[in-house]
Amino acid sequence: MPSSVPLSEQLRWQCRRGMLELDFVLERYLDNHYDAADEAEKLLFKELLTAQDPELQIWILNGESHPRAEFQALINKIRGI
Amino acid sequence: MALNKRRFDALIIGAGGAGLNAATQLANTDARVAVVSKVFPTRSHTVAAQGGVNAALANVLPDNWHWHMFDTVKGSDYLGDQDAIEFMCREAIPTVYELEHNGVPFSRLDNGKIYQRAFGGQSQDFGGAQAARTCAAADRTGHAILHTLYQQNVRARTHFFDEYFAIDLIKDDEGAILGALIMEIETGEPLLIEAKATVLATGGCGQVYRTTSNAHINTGDGNAMALRAGIPMMDMEFYQFHPTGIAGRGMLITEGVRGEGGYLVNKDGERFMERYAPNAKDLASRDVVSRAIVTEVKEGRGCGPDGDHVLLKVDHLGEEIVSKRLPGIRESGKIFAGVDAAQEPLPVFPTAHYIMGGIPTDPYGRVIVPEGTGEEIVPGLYAAGECACVSVHGANRLGGNSLLDILVFGRAAGLDVLENLKENKNHRPMNETSVEAAMSRLTRWDQTGDGISVRELRDEFRKTMEDHAGVFRTEEIMAEGVEKLKALRDKLPDVRLSDQSKVFNTARVEALELENLFDTGIAIAYSALMRKESRGAHSRPDYPDRNDAEWMKHSLYFREGDRMDYKPVRTKPLTVETFPPKERVY
Ligand SMILES: Cc1cc2nc3c(=O)[nH]c(=O)nc-3n(C[C@H](O)[C@H](O)[C@H](O)COP(=O)(O)OP(=O)(O)OC[C@H]3O[C@@H](n4cnc5c(N)ncnc54)[C@H](O)[C@@H]3O)c2cc1C
């Protein structure tokens, strides 16, 4: 695995956010889906975590679509509906 | 290996609204400033504050700071210090304008002035008609404030230690604070920061309870650091609960849901609020609804396999109304509880929201401790924000006043640090004993072998706090709780980490946070047990009335020996007449 694909534990702290709602969904994804995800999805998740909290809120909690379509499947998985 | 050290004039621990506004005051000066934050600054919990910040700008309806002051004193159930409250309500106005000037994009009226919305507890003319006092930047107020202040500090070359965890304060034999030991989370490397002035701005501690609206980072670290440095916590029994959080998870469900016709039921399908508040029913005040929910659960009428929550019904409103008027709730229900609120009721339970108590300070952010018959400033130490207690919220906080608190007193602390630095040109000598004590808190987690896991003890602790120091507070329940909490505290030395790696070890951080939860939570439980009256958010069925003769005083909890002390409320404002205590009716 190339070094740019982080292990789940390396991303755990990045799932600590300023809103409980985001903590919950991001950690739920990390615990239940991340390890089984393919490399591309892992890299997308890593990138998604660099977004600001209000952006994550809009995409994940309010369900608005992400401007980059390649993120949508991942976001739907995180929403877990 | 030798411990790495850095020297700064000022060290600010916490990069939420309070910490960043303190740093902003120092940003364009000669002072060398370090800001330490366990998460990236704009991920601080202030980002969750979407409602807004209060200031009597009078842009929408007539208003002035004196009316704001009256509302805050009344809201505090007369436990707030009236000098600090006057200071805050006056300073609110320049503070909001300074933020506007610095670039916070407040929502505006057509005439270009800052828009202000009405919130509960706001009145004109000392208890008259509704006022409109809350300024917001759309629904992103907290983020807009953080983002703006962070940018200002980056431009001014404030030194940020992002993703560093503060472990303990360092103090000398005279009690002066010399800085703090911190740890880089990514590498696990400790670092000693020496500073002439240290500001604690570490935010709230909702994670002491099982059900909370607070983010996972809110573990009361600064409060615990202060306690371990011998500083008492003030008024910790005053914790605000919101009646409807998603059961077992804590996310807030706004009052608006009940305003739209939603109501609560127990396992028999009974609308139980009719029994507790025959007139207001589901729209009764927060504390009444919270206690009713907990009473239903305690008396065996809770829902679910464990009977540990009640249900909030909106499905009777029909899919169309739910989708149109309550879209956010429908999404939240699906995401956090796996329930479509348009089809089924939502499981809810009171959620811990905001702590009024904290590290005792004066209006300049200086930490003060009792000394003889009076008080004394702790040299080199400041506190601001939700971790501090000035006290402006007293026994209950009004919506929109906590962003105000963090900004006004963060700013005041920053300005006072500046004055302090003019007088104190040199660092005090380092105290190696104190550094070693702080280091041992870190190395303690290198112990291997079998033991209890952090999560196991944490879950048990948070549940005990919820059951015994939460909404429902009788002597019997709380006394039992304190014993249970002490027994759990005795297990702390047996906790072991299974993962001993130093790199990206979140478990190590969680272990350090667990110790902080214990110190902060036990301060709450003790203070609550000892206050034998009902006031503001502290409500006791066995002492149902406010008792001004005996209890109009601030509590002080000391960690050493779990000791309590008390001090008078400062009822004399700075320039105006005192607001004498009255019965609080809304
Ligand atoms: C859901 C929600 C909505 C709210 N809405 C409003 C509102 O609309 N209006 C209002 O007035 N109030 C509101 N509040 C309350 C308000 O948001 C908080 O009281 C306030 O943001 C606290 O700010 P702070 O600067 O004290 O701390 P925080 O913003 O919590 O920042 C704490 C900082 O300390 C750092 N830190 C903590 N521990 C450590 C450590 N050990 N080492 C290093 N760094 C550390 C963190 O990284 C963070 O940077 C709301 C609260 C919640 C839960």
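This is a predicted model: local features need pLDDT of at least 70, side-chain atom pairs count only at pLDDT 80 or more; totals for chains, interfaces and linings use all residues.

Trainee: Okay. How many residues surround the ligand?
Mentor: There are 36. The closest are Ser44(B), Thr46(B), Glu386(B), Ser402(B) and Leu403(B).

Trainee: What does the side chain of Thr46(B) do there?
Mentor: One of its N or O atoms is 2.5 Å from an oxygen atom of the ligand. Ser44(B) has a polar side-chain atom 2.6 Å from a ligand oxygen atom.

Trainee: And which part of Ala166(B) lies 2.8 Å from a nitrogen atom of the ligand?
Mentor: The backbone. The atom is an N or O of Ala166(B).

Trainee: How much of the ligand does the protein bury?
Mentor: Alone, the ligand exposes 1000 Å². The protein buries 95% of that.

Trainee: Which element gives the most to the shell?
Mentor: That's α11(B), with 4 residues. Other elements of chain B that give two or more include α1 (17-27) and β7 (164-171).

Trainee: How do the shell residues divide into nonpolar, polar and charged?
Mentor: 13 are nonpolar, 19 polar and 4 charged.

Trainee: New topic. Which residues form the nonpolar patch on the surface?
Mentor: Val60(B), Leu61(B) and Tyr115(B). Together they have about 210 Å² of accessible area.

Trainee: Where is Tyr115(B)?
Mentor: In the loop between α3 (82-102) and β4 (116-117) of chain B.

Conventions
Residues are numbered from 1 along each chain as its sequence is written. Chains are lettered from A and ligands numbered from 1 in the order in which they are written. Side-chain values use heavy atoms; hydrogens and water are left out. A residue is near a molecule or strand if one of its heavy atoms lies within 4 Å of it. A polar contact is a pair of N or O atoms within 3.5 Å; within protein, one must be able to donate a hydrogen and the other to accept it, and residues adjacent in sequence count only if both atoms are side-chain atoms. Accessible areas come from the Shrake-Rupley method with a 1.4 Å probe; for residues, only the protein chains shown count as cover. Ala, Val, Leu, Ile, Met, Phe, Trp, Tyr, Cys and Pro count as nonpolar, Asp, Glu, Lys and Arg as charged, and the others, Gly among them, as polar. Patches are made of residues with over 30% relative accessible area and no salt bridge: like charges are joined within 9 Å, nonpolar side chains (Val, Leu, Ile, Met, Phe, Trp, Tyr) within 5 Å. A salt bridge is a side-chain nitrogen of Lys or Arg within 4 Å of a carboxyl oxygen of Asp or Glu.
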